[in-house]
Amino acid sequence: MARGTWASWSMFFEGTFSSPWYNKHKTELLGVLLAAASNFLISVSLSIQKCAHLRLARQAELKPFYRSKLWWCGVALLGLGELCNFTAYGFAPIALVAPLGCISIIGSAFISVLFLKKTVRAADIVGGTLAVVGMYLLVTFAPNVPQELTARRIQKDLVSWPFLVYVILEVIIFCILLYFYKRKAVKHIVVLLMMVALLASLTVIAVKAVASMIMLSAKGKMQLTYPVFYIMLILMATSCVFQVKFLNQAMPLYEARTVVPINFVFCTTSAIISGVIFYQEFQSAAFLSVFMFLFGCLLSFLSVFVIAVNKKEERLQVPYIDCGCIPGQKLTGKIQPDSYGSCYGTLNNKDDSGKSQS
């Protein structure tokens, strides 16, 4: 019985890995596996770092988080996940790798149930189901673009008129949003996350170009001697820095359950559009494939919204005195307790009204 079962599985795998479909899509499948592994590692790393912060908060003696071995373990997994995600862009199209970012959000929800002892919500189950169906449609109907992204090809695409028009429109929109944000003090979440998404589109273009040129160089086709490689490398680093900057400015103003799904939808949409324009990823795709792929993206977006929007905000209970709640005090800041003592300190006020209140 065991021999028959083993023989059946052997025949199944041998037929699968020698089929024409697998030979045609094996590069994209490797990119999908790397993208899925990277997002899973990122979700695990974030859960580990959160667990480290919770452990440190429960300790009697407060210690910096960077002294925690558990926190550094999470950082190492985060770096490994980002490396896998970077490599995935060298094997698979942008339109396939970018929407798989929902795995990290779905994974974080289920890891928190398994390891952080959270309760399973109906939203987690519904969101996970939508994500699985969406990912299946994405992988099945993703564009198949068997092209070598050499340095010469990237140089040609950089000066093509569709990309130049796209970049000009991006620059104009970004400048308008930045004007309203800086000059008019418009800090709406759409303004901030739109700027993040516009930068993300340039980031994924540069990441795929750099990853592809590194892969070709590893195969013996040296591409690192071309100036366009270093141009893309600088573009990748610069856009990442400003992307993180604007995202960090949005996080204190709005709840994470609002920022995360909107940022995922905006960045994924901009990444797909940039892949279509710069790399012509849907150039020869059939209408049905494009429709089913977009439907898979929609399901992935819905899965993130279902899980993130219905998630309650968690806050560490850190003791402090809110000056805005003390009668006679006009201050709105918070006086944090001394980390190495048991007293809260004194109110920084010139008059003696604080003494009477104490």
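This is a short talk on the fold, the surface and some side-chain pairs of one predicted chain.

Some ground rules. The model is predicted, local features need pLDDT of at least 70, side-chain atom pairs count only at pLDDT 80 or more, and totals for chains, interfaces and linings use all residues. Residues are numbered from 1 along each chain as its sequence is written, and side-chain values use heavy atoms, with hydrogens and water left out.

Let's start with the whole chain. It has 13 helices and two strands. Both are DSSP runs numbered from the N terminus: H or I, at least four residues, for a helix, and E, at least two, for a strand. The chain has 358 residues, and 39% of them count as buried. Buried means under 20% relative accessible area, exposed means over 50%, and partly exposed is in between, with a 1.4 Å probe and protein chains only.

Next, contacts, meaning heavy atoms within 4.5 Å. Take those between residues at least 6 apart in sequence: 75% of them join residues at least 24 apart.

Now the surface. The accessible surface is about 21200 Å², and carbon and sulfur atoms hold 68% of that. These areas come from the Shrake-Rupley method with a 1.4 Å probe; for residues, only the protein chains shown count as cover. Look at Ile 168, Ile 172, Ile 176, Tyr 179 and Phe 180. They form a nonpolar surface patch with about 480 Å² of accessible area together. Patch residues have over 30% relative accessible area and no salt bridge; like charges are joined within 9 Å, nonpolar side chains (Val, Leu, Ile, Met, Phe, Trp, Tyr) within 5 Å. Ile 168 belongs to helix 8, residues 161-182.

On to the rings. How many aromatic pairs does the structure hold? There are nine. Trp 71 and Trp 72 have ring centres 4.9 Å apart and planes at 80°, so they make an edge-to-face pair. The rule covers rings of Phe, Tyr and Trp (its six-membered ring): centres within 6.5 Å make a pair, planes under 30 degrees apart count as stacked, over 60 as edge-to-face, and the rest as tilted. Trp 71 is buried, at 13% relative accessible area. Trp 72 is partly exposed, at 47%.

Phe 264 and Phe 301 are edge-to-face too, because their planes stand at 85°, with centres 5.7 Å apart. This pair links distant parts of the chain: Phe 264 is in helix 11 (residues 256-279), Phe 301 is in helix 12 (residues 287-309), and they are 37 residues apart. Both are buried.

Phe 163, Phe 278 and Tyr 279 form one aromatic cluster. Over the ring of Tyr 279 sits the charged end of Lys 208, 5.9 Å from the ring centre. For that label, NZ of Lys or CZ of Arg must be within 6 Å of the ring centre and within 35 degrees of the ring normal.

Last, the salt bridges. The whole structure has two. Each needs a side-chain nitrogen of Lys or Arg within 4 Å of a carboxyl oxygen of Asp or Glu. Arg 121 bridges to Asp 124, with the closest N and O atoms 2.6 Å apart. Is Asp 124 buried or exposed? Asp 124 is buried, at 3% relative accessibility. Arg 121 is partly exposed, at 22%.

Arg 153 and Asp 157 form a salt bridge at 3.8 Å, N to O. They are four residues apart in helix 7 (residues 151-158), so about one helical turn separates them. Arg 153 is partly exposed at 27%, and Asp 157 is buried at 8%.
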